[in-house]
Amino acid sequence: MATNDFKFAELKEENSDVIQTKFVSTKKEITSRFASNKLAMTGAILFLLLIIISIAVTFLPNYDTGTPNSSLMDIPPSAGHWFGTDSTGRDLWSRNWAAIQYSFSIALIATTINIMIAILIGLLMGYFEKFDKAFSGVIKIMYAMPTIIVLILFSIVFYTKDPIKSFMVIILSLTFSGWVNASQQVRGSVKKTRNLEFITASQTLGTSRIKMLGVLFAYALPIVIVQYAIIFPRMVIAEATLGFLGLSIPDVPTLGNLINDARNSFLAYPYQLLFPLLMLALTTVSIQFMGFGLEDAILGKDGV
Amino acid sequence: MKFENENLNKVVASQKKNNLLNSLSPEVRFWSKRLFKLVVELILITWAVFTIVFLLMNLPYMLNLQELMPSGVTQKLAHATESEQEAVKMAAFSTLHLDHGVIVQYFYSIKGIFDGTMGISWSTLNPVSWDLWGRLFVSSTIGFISVILSVLIGIPLGVFFARREGIISDALASLISVIAFSIPSFVIALLLVFVNSLIGLPFVFDYGNVFMYILASIAIAIPVGFGYTRYLRTSVRQEYSEQYVSLARVKGVSEEKILKKHILKPALFPIINYFPFVVVGAFFGSITIESVFSIPGTGQMLIQSGLEGDQTTVLAITTLYTFFTVISFFVRDLLITFVDPRIKGE
């Protein structure tokens, strides 16, 4: 074999295989994964639409949530009243959209408080062994505690006609045990991360506990976000359940109250019940879709 | 010398104790430990929930927000003449043990749970147990049927959707999981009432009608069963991707046998994990369901007595529910040990 059989290949930059990997930040990766999930995007758009419409509707001329009108009782959906009127002649179109606003605000506040409690207790339980041992009994009791019963008892015992006090009672009862599961998730994450080498290293170097808790929190953040999407629809449903039993904030159009108003006469006027149920289903389903998408995008699990 | 003797005695005593424990077979030792733990947990948790609910119910009186006047006493007073008022009130208060302080009342209500009366109702002045057991029977029958129905719905559907791939079945599966987690059972109950009223089937409860028990159970079982479907679908798929399944296929084991003999048992794991929540959900979900179908069960009783401020009834029902909850968690652990003997609980 002659040596001139071999030639040096021409080395040009265009010819060489350039493998370029762009650095993608976690945030971007998660966003793109979420955006490529059709179900999640549908949920997100639906959810945003619900909020936008519920606010936009208040500027329309036919928006009127309050005034009862005895001449307009139980009118089926028509040009004047798009969702019809209820048994006291109030416009259901306006009341349904107002209910979205009220129920969302209740759920938002309750969820935020729940998550904050969950973070606090989860971090403490994950980080301090003694606190963990002391508090695990409480968690066991909270798990065994019949949530719905406590929810109902709270609203019965502290029942007031005053809307502001009643609002606080609802928030109190929704946040009594809503945080338990989320706190255990945070605790698990903290327990996992605190055994990582760099945590041990920085602990030996004398990093303060508060700073350490901050780092551990940052690691638990994905779980917290997913839990937010899990707790929020639960709070909407819990409010609807309370309202269904006649225990929500009195005289305020929330989803639960609308369902409660309609349930006695719904065989005669099914539309009165249909619309609030539809709103309830739309909200919970849209958040559920978003939640599944978030779970996929952040935790990388294949759910649904 | 004396010190040594004492020590020796201690050692001998501990050895005896060990011998006693060691003489039992490991299984018996394990189960006796578990049972002991269950009893301790049962007592502690039930007591804690009882105390919390008691405090909650008594808070308005302890803070002097409300005058202590049970509705049963008010009714009695309405029937009494002017001169009898004071005596009737005193008599009623003493049957309810309200003439004592809160702490004594607390012990009386604990005693009530144990003496078979479940306490004296504040609204009827009769023992709570008169009304309770009949209602509990109705509620637990419905709960029991719904647990069975949810398994009957959930497991076949879960296996079906796990084995079938395609756009339609995937969409159906995600629809099912959405229904499971975002539609409360009272909505399903209302829909059932609506459909039944259209078809002309009954939708108001009466004791003798078996159909009504099943209808109420369906409303509870649909979300729960669909929840099963979701969990089972994921876990069956996971199990199918394991290597031992491929090996079994290579060996020529039929698909049917792979599923029944190998896949289903480990795949049932998440379902069993979910079990206590199902049982609890079957009993507590019934609060709204009972309200829809006007079923005279414990859920209705709880709401009614809560609204009337009937403390003893609320306490009795809550205690029962907590009791059931703890037991169902224990049964969950039992089932897990049964499915996978390696896991012997914590």
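Is Arg135(B) buried or exposed in this structure? In this predicted model, Arg135(B) is buried, because its relative accessible area is 15% and a residue counts as buried when that value is under 20%.

Although Arg135(B) is buried, its side chain meets that of Asp131(B) in a salt bridge, with 3.2 Å from N to O. Because the two residues stand four places apart in helix H6 of chain B, about one helical turn separates Arg135(B) from Asp131(B).

The helix that carries this pair also packs against another one. Two packed helices are described by the angle between their axes and the distance between the axes. For helix H6 (residues 129-163) and helix H9 (residues 210-240), both of chain B, the axes come within 5 Å and cross at roughly 35°, and the crossing of H6(B) with H9(B) is right-handed. The residues that make up this contact between H6(B) and H9(B) comprise 24 nonpolar, eight polar and three charged ones.

**Salt bridges elsewhere**

Over all chains, a search of the whole structure finds 14 salt bridges.

| Salt bridge | N to O distance |
|---|---|
| Glu29(A) and Arg33(A) | 3.3 Å |
| Glu41(B) and Lys140(A) | 2.6 Å |
| Arg135(B) and Asp131(B) | 3.2 Å |

Glu29(A) and Arg33(A) both belong to helix H1 (residues 26-35) of chain A, where they are four residues apart, about one turn of the helix. Glu29(A) is partly exposed at 35% relative accessibility, and Arg33(A) is likewise partly exposed at 35%. The pair of Glu41(B) and Lys140(A), by contrast, crosses between chains, from helix H2 (residues 26-62) of chain B to helix H4 (residues 129-144) of chain A. Here Glu41(B) is partly exposed at 22% relative accessibility, while Lys140(A) is partly exposed with a relative accessible area of 39%. In chain A, moreover, Arg90(A), Arg95(A) and Asp261(A) are linked in a network of salt bridges.

**Where the two chains meet**

The count of salt bridges between chain A and chain B is one. The contact between them involves 39 residues of chain A and 43 residues of chain B, and the area buried between the chains is about 3600 Å², of which carbon and sulfur atoms give 83%.

Helix H10 (residues 255-263) of chain A is largely enclosed by the rest of the structure, because seven of its nine residues are buried. Among these buried residues of H10(A) are Leu255(A), Leu258(A), Ile259(A) and Arg263(A). The cover over the buried residues of H10(A) draws on both chains, and includes helices H3 (92-127), H9 (209-244) and H11 (270-299) of chain A as well as helices H8 (185-199) and H13 (286-293) of chain B.

**Two further residues of chain B**

Gln85(B) lies in helix H4 (residues 85-95) of chain B and is partly exposed, with a relative accessible area of 27%. Leaving aside residues up to four places away in sequence, Gln85(B) touches Leu77(B) and Ala80(B). Gly252(B), in turn, sits in the loop between helix H10 (243-250) and helix H11 (255-267) of chain B, and Gly252(B) is exposed, with a relative accessible area of 59%.

Terms used
Residues numbered from 1 in each chain as written. Chains lettered and ligands numbered in written order. Predicted model: local features only at pLDDT ≥ 70, side-chain atom pairs only at ≥ 80, totals over all residues. Heavy atoms only, no water. Axes fitted to C-alpha atoms, helices over the stretch in contact; angles between N-to-C directions. Left-handed = near helix turned anticlockwise from the far one by under 90°. Nonpolar A, V, L, I, M, F, W, Y, C, P; charged D, E, K, R; others polar. Buried < 20%, exposed > 50% of the residue type's maximum accessible area, 1.4 Å probe, protein only. Contact = heavy atoms within 4.5 Å. Buried area = accessible area lost by both parts, 1.4 Å probe. Salt bridge = Lys/Arg side-chain N within 4 Å of Asp/Glu carboxyl O.
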